[in-house]
Amino acid sequence: MMNKINMNKLLGLFTLVILLGTLMAFMIPQGQKQGAKWEISQKYKKMVNPYKGNKSDLKMGKMLYSKYCKSCHGSKGLGDGSKSAQLKTHPGDFSSAKFQAYTDGELYYMVTVGRDEMKSYSKKITDDEDIWGVISYLRTLKK
Amino acid sequence: MKRLILNFILAFLVISSAFAQDTLKVKKVDKPVRSPWDSEVLIDNQTTLSPPAKTLEMFIQHRFGLINQKGIHDLYGIYAPGANIRLGLNYTPIKNLTLGYGLTKKNMYNDFQAKWVIVEQTRSNRIPVAVALYGNFAIDGRSNDAFGIEYKFSNRFSYFSQLIVSRKFSEWLSLEATASFAHFNMVAAGRNHDNIGVGLNGQIKFSPQSSIIFQYDVPLKIQGISEQTAFTNLNSAKPNFGIGYQDETSGHSFQIYITTADGILPQDIYMNNHNDWTKGDFMIGFTITRLWNF
């Protein structure tokens, strides 16, 4: 009798997992495209992070990342944040060699000027030093 | 008790200048401290934070019924009648000046408010505290019958002004002390038109986006400004205590808490709160804000 009840529970759990799995398959974005190449001027490309190595800025960068970036880019920058599934373009993988090959100035452009779904954050993060702090933090996400 | 609170606030102001920020040594330019508070409001109070210029912020502030009236039978006040709500809009036209309008269900108060952050605490500790002035003017929006036989439009007016001194002590702790003055043009017989109060509020961050928030506002019983010969339950308001959880994202701030006063508007809290937190008179409340940057 006891074994029968346990078996029924197990079957119920199995069915639930299958149902949730089927549901998830529909929720995962099927047509999300990869981001196109960024067109960034030399002016930005040559910019250097003046606060590189500043621990206080890095700490603030981590906090700001958590507040403004994590919901799309994910806690480890893998592009798997809670909102990422709603985006038309995949937010990218910050841990990848491709992303880490961008210069600090190019990342500064992406944060402050932005494009399409990656909007400008210059009105939300108003201090330049804080933006550089975020960029310093992005460097720590390298695999 | 009041003396104790006053002493505590004075001690806070003195001690606050003795602490240094951990960012002190690496900064050459004396900038304001970062994120002294996570939100402009802290339960029923204001903070010394003003959003960046050209920010529009919408507020939804809600107070359910008292949790100790019917207990589980009205789900601790959540389904109780008489909940209070305020919908508001704030705009920051220039740095450190915020203007706002709100409409509260209780007495249909229409409030027009302004907050000016006079000085900001700096990272070098050259300025150890932030100082802000907050004021509002409210119009009671009930029907004329609520104001007696000799009705005058100005009887609907009430005012509130507050001095706020705050300090971010560390990355996880911010505290502020307030001194407030409330005035109603018309009050019921046996009550006072004016009152002065003090308060102590704080924010304890435990993650980049989350914090514990608390407030304690004390309306003072000062005979010198009282129109009555003695203070009674009718003409003196009770302290307002609240504690809760705050979560902040890029465009939202969310606070859920228990608090004592149902007024939402500060002059109502300092003049008309008769709930006693020591007897368990608490209500669940929440605040949601949404920010847009232009």
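**Where the chains meet**

Start by selecting chains A and B together: 14 residues of chain A are in contact with eleven residues of chain B (contact means that C-beta atoms, placed from the backbone, lie within 7 Å). Now pick helix α3 of chain A, residues 55–73, which supplies eight residues, the largest share of the side of chain A that touches chain B. (Helices here are DSSP runs of H or I with at least four residues, strands are E runs of at least two, and both are numbered from the N terminus.) Colour that side of chain A by class and you'll get three nonpolar, five polar and six charged residues. Asp, Glu, Lys and Arg count as charged; Ala, Val, Leu, Ile, Met, Phe, Trp, Tyr, Cys and Pro as nonpolar; the others, Gly among them, as polar.

Before moving on: this is a predicted model, where local features need pLDDT of at least 70 and side-chain atom pairs count only at 80 or more, while totals for chains, interfaces and linings use all residues. Residues are numbered from 1 along each chain as its sequence is written, with chains lettered from A and ligands numbered from 1 in the order written.

**Helix α5 of chain A**

Next, select residues 104–112 of chain A, where the buried ones include A:Leu107 and A:Tyr108 (buried: 20 or more other C-beta atoms within 10 Å of the residue's own, placed from the backbone). Their cover includes α2 (42–45) and α6 (128–139) of chain A. Just after α5, stop at A:Gly114, with its positive phi of about 70°.

**Over to chain B**

Finally, show β12 (240–248) and β13 (252–259) of chain B, antiparallel strands joined by seven bridges. They form a hairpin with three residues between them.

Methods
A residue is buried if 20 or more other C-beta atoms lie within 10 Å of its own, exposed if 12 or fewer, and partly exposed in between; C-beta atoms are placed from the backbone. Two residues are in contact if their C-beta atoms, placed from the backbone, lie within 7 Å. Two strands pair if DSSP finds at least two bridges between them.
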